[in-house]
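Subject: Structure handover

Hi,

Here is the structure I promised to pass on. Please open it and keep it in view while you read my notes below.

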Amino acid sequence: MSKERAKHRQAEFITPPNQLKLKVGSGGLDERIIEMAQNLIDKTDFDFLPTGQRYLTALQEGIRLTGTKRGEIDGEALISTMIHPAMQLKANGAMFGYPLITVVSARLILFLEQIAAPNSEALDVVNGFANALQAIMLMGERGKDMGNRGTQLTEALDEAVRRYFERYPD
Amino acid sequence: MPYHFDTVSVLIVEDNQPMAMMARAILQTFGVKTILLAKNGEEGFEAFCKHNPDIVVADWMMKPLDGIVLTRMIRSEPRSPNPFAPVILMTGFSERSRVATARDSGVTEFLVKPFNAKQLYKRIAQVIERPRQFIRSEEFFGPDRRRLVDATFAGPWKRHLDHTLGDES
């Protein structure tokens, strides 16, 4: 390592005073309090579907934009127009009573994270995810225990992804 | 004796109102009395400077300023009242590269959405019980990005070796 580089890597370690610990004390929280807090999540009466539909519309718009602007705009930028609404669906679905939306969106994000450039077949796969999400919302399918329909849906999407990567392994 | 959160203040920075309300309700159930809300990184930094909260819980994706920029401002802006404040970043992303980006901005803990009450509690307990050392270098100021610290080894090559070995802890 050169002297210049060694100097560049020099670091000062600082241990800040732990004021937070002094304030809260020790012993943690009673498990019952955590269960009460979890109940708030499990029993939320917030209707997620209108918000979810907005995110889905943004995803569909991202797919449309990617289809028309492919080759003109950087692939990463186009993928981000789809990945951000997908991330919102993944993040919020299960928080507000729709775990199946989270399961499907998480798979979509994984797919979008792996494709370098969105070709037309990749967009077909993404469209398949968007259609599945639309069907889940229209049916009000929460998918708390996945169920047969949820399992069939995710298996079909996994199969579409598998076929895509068989064709485009890189 | 259990934790007493009644004197602790938490700033929630989240543009999704239902999510902000959910996080607030969970923290209230934990016993936190002072909870401040902001809708984006810009508002969040103003609230942080004004109230100097004990913990910041911020979403990643927000406009005009996101949770990563907010974290950098908390760590490095001269106006920041506490550059060591613990920042818990909430996000739907869990990919390794995204976690690394968050870590490199100075985030203390990472909370993947959807989360449950126990996961949020664990992140808070983590910043209370195992606060990270801070590192100041030419390239970085923030919590030590390595979770596991070998206290027995203080050699001058430690950081270089960690880098070489690809330490991700």
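Start in chain B, where L11(B) stands opposite V56(B), a residue of β3(B). This is a predicted model, so treat everything below as computed from a prediction.

Strand β1 of chain B covers residues 9-13, and strand β3 of chain B covers residues 55-59. Four bridges join them, and the two strands run parallel.

Now zoom out to the sheet. It is open and has five strands, in the order β2-β1-β3-β4-β5 of chain B. The pairing is parallel. Which strands sit at the edges? They are β2 (34-38) and β5 (109-112) of chain B, each pairing on one side only. From one strand to the next, the twist averages 20°.

A helix lies against this sheet. Helix α2 of chain B, residues 41-51, packs on the sheet and touches β1, β2 and β3 of chain B. The direction of α2 makes about 165° with that of β1(B).

Next, look at where the two chains meet. Here 39 residues of chain B are in contact with 42 residues of chain A. On the chain B side, four elements each supply at least two residues: α1 (17-30), α5 (117-129), β6 (134-136) and α6 (158-165). Which element of chain B gives the most? It is α1(B), with seven residues. By class, this side of chain B has 23 nonpolar, nine polar and seven charged residues.

Strand β1 of chain A, residues 12-14, is joined to β6(B) by three bridges. These two strands run antiparallel. Find E12(A) and you will see R136(B) of β6(B) opposite.

Now for chain A itself. Chain A has eight helices and one strand. From the N terminus on, its elements run α-β-α-α-α-α-α-α-α.

Take α4 (residues 49-69) and α5 of chain A to begin with. Their axes come within 8 Å and cross at roughly 160°. That makes α4(A) roughly antiparallel to α5(A), because angles over 145 degrees count that way. The crossing of α4(A) and α5(A) is left-handed. Among the residues in this contact are Y55(A), L59(A) and I63(A) of α4(A), and M82(A), A86(A) and L89(A) of α5(A). By class, the contact of α4(A) with α5(A) has eleven nonpolar, eight polar and one charged residues.

Then move on to α5 (residues 75-93) and α6 (residues 99-114) of chain A. They pack at an angle of about 150°, with their axes 7 Å apart. That makes α5(A) roughly antiparallel to α6(A). The crossing of α5(A) and α6(A) is left-handed. Residues of α5(A) including I79(A), I83(A) and M87(A) take part, and α6(A) brings residues including I101(A), L108(A) and L112(A). The contact of α5(A) with α6(A) divides into twelve nonpolar, three polar and one charged residues.

Best wishes

Definitions and conventions. Residues are numbered from 1 along each chain as its sequence is written. Chains are lettered from A and ligands numbered from 1 in the order in which they are written. This is a predicted model: local features need pLDDT of at least 70, side-chain atom pairs count only at pLDDT 80 or more; totals for chains, interfaces and linings use all residues. Two strands pair if DSSP finds at least two bridges between them. Axes are lines fitted to C-alpha atoms, for helices over the stretch in contact, and angles run from 0 to 180 degrees between N-to-C directions. Two residues are in contact if their C-beta atoms, placed from the backbone, lie within 7 Å. Ala, Val, Leu, Ile, Met, Phe, Trp, Tyr, Cys and Pro count as nonpolar, Asp, Glu, Lys and Arg as charged, and the others, Gly among them, as polar. Angles under 35 degrees count as roughly parallel, over 145 as roughly antiparallel, 65 to 115 as roughly perpendicular and the rest as oblique. A crossing is left-handed if the near helix is turned anticlockwise from the far one by less than a right angle, and right-handed if clockwise.
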